[in-house]
Amino acid sequence: MCAAPAARPPGSADTVTALGGSAGTADGLGARTAPPARTGLLVVFSRVAAMCAVEVEKLRHDRTELYTRAIQPALWLLIFGETFTRIHAIPTGNVPYLDFLAPGIIAQSAMFIAIFYGIQIIWERDAGVLSKLLVTPTPRAALVTGKAFAAGVKAVIQAAVVVVIAALLGVALTWNPLKLLGVALVVVLGSAFFSCLSMSIAGIVLTRDRLMGIGQAITMPLFFASNALYPVALMPGWLQAVAKANPLSYEVDALRGLLIGTPAHLPLDFGVLAFAAAVGIAAASALLGRLAR
């Protein structure tokens, strides 16, 4: 008797096929012919689109994570923001502290999603999905870029939830479509960097437990060593230097300028975030093979 075919991991084969892992088509003589290869920017764009589509599909089928992740930013705004607005403990000029805080919490919630993205790629390694992806015609840089921008799509959806919460609390946010598009781009670039940082760490530590510990160890220092909670001018000199080297500070600065209209350095912010994302993609791509071994 023939054994029944083994069940495939849910979604894994579909993901591999979407990324170029098809075995080809049969011609009239039964021979298999390879599908035409796509090269250059078309490969990158198609892989990024496939990864983003997979991420959106996951959220469409299970919104639990979206709801649970909205609790923490809501608590920051409701408790920390409302309290410090009343006591005026942190000087923010003519901007109410809650308004000053909201863009920082948007950046924080997006970072918290992205910084643990390496756990997913370790799970894919353990499930055998990563090895299948690496034998497809997809370049490693395109694969990492797709995953990085998929994390960005997830973070944008999370940011939209935080924006709604902030608006309900009375934060004076802009609803200019062009500025909101800029906000989405800022969140995507920031999330791309932090997800690549996570994937790079995954390529070094190789296990989920170690990655979880390192992720928890660096998230709060990254958050507190930025301008998310207080202006950089209030920090001691050494912390100001750290904040200026922290990509999260540039993400928050851009979000404040776009959402609440405070003075910002948008060309510098976008430039730093784009550069950080490119460096993160290069680092994660170089370490991806080590993770798969």
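Student: What percentage of the contacts in the chain with a separation of 6 or more comes from residues 24 or more positions apart?

Tutor: Happy to start there, and keep in mind that this is a predicted model. The secondary structure amounts to 13 helices and 2 strands. Among contacts with a separation of 6 or more, the share from residues 24 or more positions apart is 77%.

Student: How much of the chain counts as buried?

Tutor: A residue goes into that class when its relative accessible area is under 20%. The chain has 293 residues, and the part of them that counts as buried is 46%.

Student: Let's look at one residue, then. Is S249 buried or exposed?

Tutor: S249 lies in helix 12, which covers residues 247–259. Apart from neighbours within four places in sequence, S249 contacts A225, S226, N227 and A243. Its relative accessible area is 7%, and the cut-off is 20%, so S249 is buried.

Student: Now the aromatics, please. How are the rings of F80 and F84 arranged?

Tutor: The whole structure holds 8 aromatic pairs. In the pair of F80 and F84, the ring centres are 4.3 Å apart and the planes meet at 20 degrees. Planes under 30 degrees apart fall in one class, so this pair is stacked.

Student: How far along helix 4 are F80 and F84 separated, in helical turns?

Tutor: Both residues belong to helix 4, residues 71–87. F80 is partly exposed at 22% relative accessibility, and F84 is partly exposed at 23%. Because they are 4 residues apart in this helix, their separation is about one helical turn.

Student: Which residues do ring pairs link into a cluster, and which charged residue sits over the ring of F100?

Tutor: The cluster linked by ring pairs consists of W76, F80, F84, Y97, F100, F223 and F224. One of these, F100, also has a charged end over its ring, at 3.5 Å from the ring centre. That charged end belongs to R256.

Student: Good, on to helix packing. What is the relative direction of helix 6 and helix 10?

Tutor: Helix 6 spans residues 117–127 and helix 10 spans residues 208–224. Their axes are 10 Å apart, at an angle of about 180 degrees. An angle over 145 degrees decides the class, so the two helices are roughly antiparallel.

Student: Which residues make that contact, and how many of them are nonpolar?

Tutor: Helix 6 contributes G118, I119, I122, W123 and D126, while helix 10 contributes R208, L211 and M212. By class, the contact includes 1 polar and 2 charged residues. The number of nonpolar residues is 5.

Student: How far apart in space are L266 and V186, C-alpha to C-alpha?

Tutor: L266 is in helix 13, residues 266–292, and is partly exposed at 27% relative accessibility. Leaving out neighbours within four places in sequence, L266 contacts A254 and L258. L266 and V186 are 80 residues apart in sequence, and their C-alpha distance is 9.9 Å.

Student: To finish with the backbone, what is the phi of H88?

Tutor: H88 sits in the loop between helix 4 and helix 5, and it is exposed, with a relative accessible area of 66%. Although H88 is not a glycine, its phi is positive, at about 55 degrees.

Student: And what is the phi of L206 near?

Tutor: L206 is in the loop between helix 9 and helix 10. At 26% relative accessibility, L206 is partly exposed. Here too is a residue other than glycine with a positive phi, near 75 degrees.

Technical notes: Residues are numbered from 1 along each chain as its sequence is written. This is a predicted model: local features need pLDDT of at least 70, side-chain atom pairs count only at pLDDT 80 or more; totals for chains, interfaces and linings use all residues. Side-chain values use heavy atoms; hydrogens and water are left out. Buried means under 20% relative accessible area, exposed over 50%, partly exposed in between (1.4 Å probe, protein chains only). Contact means heavy atoms within 4.5 Å. Rings of Phe, Tyr and Trp (its six-membered ring) pair if their centres lie within 6.5 Å; planes under 30 degrees apart count as stacked, over 60 as edge-to-face and the rest as tilted. A charge sits over a ring if NZ of Lys or CZ of Arg is within 6 Å of the ring centre and within 35 degrees of the ring normal. Axes are lines fitted to C-alpha atoms, for helices over the stretch in contact, and angles run from 0 to 180 degrees between N-to-C directions. Angles under 35 degrees count as roughly parallel, over 145 as roughly antiparallel, 65 to 115 as roughly perpendicular and the rest as oblique. Ala, Val, Leu, Ile, Met, Phe, Trp, Tyr, Cys and Pro count as nonpolar, Asp, Glu, Lys and Arg as charged, and the others, Gly among them, as polar.
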